[in-house]
Amino acid sequence: MKKKIVAGNWKMNKTFKEAEDLLFGIADALISGRPDDVEVVVCPPALYLELATDVATEHDFSCGAQNLSEHEAGAYTGEISAAMIRSTGAAYVILGHSERRTYYGEHDQLIGKKILQALRHELIPIYCCGEVLEEREAGRHFQVVEKQISDALSGLDADAFSKVVIAYEPVWAIGTGRTASPEQAQEMHAFIRKVLASHFGEHAANDTTILYGGSCNAANARELFANPDVDGGLIGGASLKAEDFVKIVNSF
Ligand code: PEP
């Protein structure tokens, strides 16, 4: 079901104490005011998920992981399974982030398996897609994003797909301070909806939550979220300060 979401991706940041401070900082800032119709999702390192879900339950926000294993369980040293994540109370998982694609060689087929694994354990996948600068400059961005979506998602049936959230994250905008313009974001989000309609039908496409990510912050969120096909944001750097993050939540 389509809804407004602001999700924070902490990446590999914060010690335990710092994580605790940030979680309570977010909780306090949310108490001071937030829109009723925006779901807030905090995605800390997996190590802190149980702590995060405890705070989240009391303060009406949700939590998610940043990755999971494509395997169910067993001899996969260092990996974290969907069942483990779900058992902490987390509801979401970010999959296909460009940093996983670039540094850990994750490709659409593997990400597709992770999406299935997430769905099997009732976790909502936030599937990240987006082109690199070279691809945009060559005018291939639509083609690239269409392929990422088709390769990772087209095997899902309509019911499974209805649980998926998409995040369009142009790689050239992630952590660079260079945000996509509201027009560029809207254009790509509308295109993504068209691609989704071709796989799952118009109704399902219109019902999908599509987030924007890439240097979204308290100063530019309002303009980005004002677009009809932008249903919220996946926030990296600006999610590490409670006040900034909650300002973004209040940008609708
Ligand atoms: C991200 O990593 O998902 C992200 C959007 O990062 P940033 O907001 O820092 O660009």
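User: What should I know before I start, and how are residues numbered?

Analyst: Residues are numbered from 1 along each chain as its sequence is written. The model is predicted, so local features need pLDDT of at least 70, side-chain atom pairs count only at pLDDT 80 or more, and totals for chains, interfaces and linings use all residues.

User: How do I read the strands, and which strands make up the barrel?

Analyst: Strands of a sheet pair through backbone hydrogen bonds, either parallel or antiparallel. Here, helices (H or I, at least four residues) and strands (E, at least two) are DSSP runs, numbered from the N terminus, and two strands pair if DSSP finds at least two bridges between them. In this model eight strands form a closed barrel in the order S1-S2-S3-S4-S5-S6-S7-S8, with parallel pairing. On average, neighbouring strands of this sheet are turned by 25 degrees against each other, direction ignored. Helix H2 (residues 49–59) packs on the sheet, where H2 touches S2 and strand S3 (62–65). The direction of H2 makes about 165 degrees with that of S3; axes are lines fitted to C-alpha atoms, for helices over the stretch in contact, and angles run from 0 to 180 degrees between N-to-C directions.

User: Which strands does S1 pair with?

Analyst: Six bridges join S1 to the parallel strand S2 (residues 38–43), and Asn-9 has Cys-43 as its bridge partner in S2. From S1 the chain passes through helix H1 (residues 16–31) to S2, a right-handed β-α-β crossover. Right-handed means that, with the strands pointing away from the viewer, the path from the first strand over the helix to the second runs clockwise. S1 also pairs in the parallel sense with strand S8 (residues 232–235), over four bridges, and Val-6 stands opposite Gly-233 there.

User: Is S1 buried or exposed?

Analyst: A residue is buried if 20 or more other C-beta atoms lie within 10 Å of its own, exposed if 12 or fewer, and partly exposed in between, with C-beta atoms placed from the backbone. Five of the six residues of S1 (residues 4–9) are buried, so S1 is largely enclosed by the rest of the structure. Take Ile-5, which is found in S1: Ile-5 is buried, with 23 other C-beta atoms within 10 Å.

User: Where are the residues annotated "active site"?

Analyst: An unreviewed UniProt entry gives that annotation to His-97 and Glu-169; UniProt positions follow the numbering used here, feature names are shortened, and annotations may be inferred rather than shown by experiment. They are spread over 73 residues of sequence but cluster in space, with a largest C-alpha distance of 8.3 Å. His-97 is in the loop between strand S4 (92–95) and helix H4 (98–104), and Glu-169 is in the loop between strand S6 (165–168) and helix H9 (182–200). His-97 is buried, with 29 other C-beta atoms within 10 Å; Glu-169 is buried, with 28. Leaving aside neighbours within four places in sequence, the contacts of Glu-169 (C-beta atoms, placed from the backbone, within 7 Å) include Ser-98, Cys-128 and Leu-234.

User: What is a nonpolar core, and how many residues has the largest?

Analyst: A nonpolar core is a set of buried Ala, Val, Leu, Ile, Met, Phe, Trp, Tyr and Cys residues joined through C-beta atoms within 7 Å. The largest has 72 residues, and Ala-7, Val-93, Ile-126 and Tyr-127 have the most contacts inside it. H9 supplies the largest share of this core, six residues.

Definitions and conventions: Contact = placed C-beta atoms within 7 Å.
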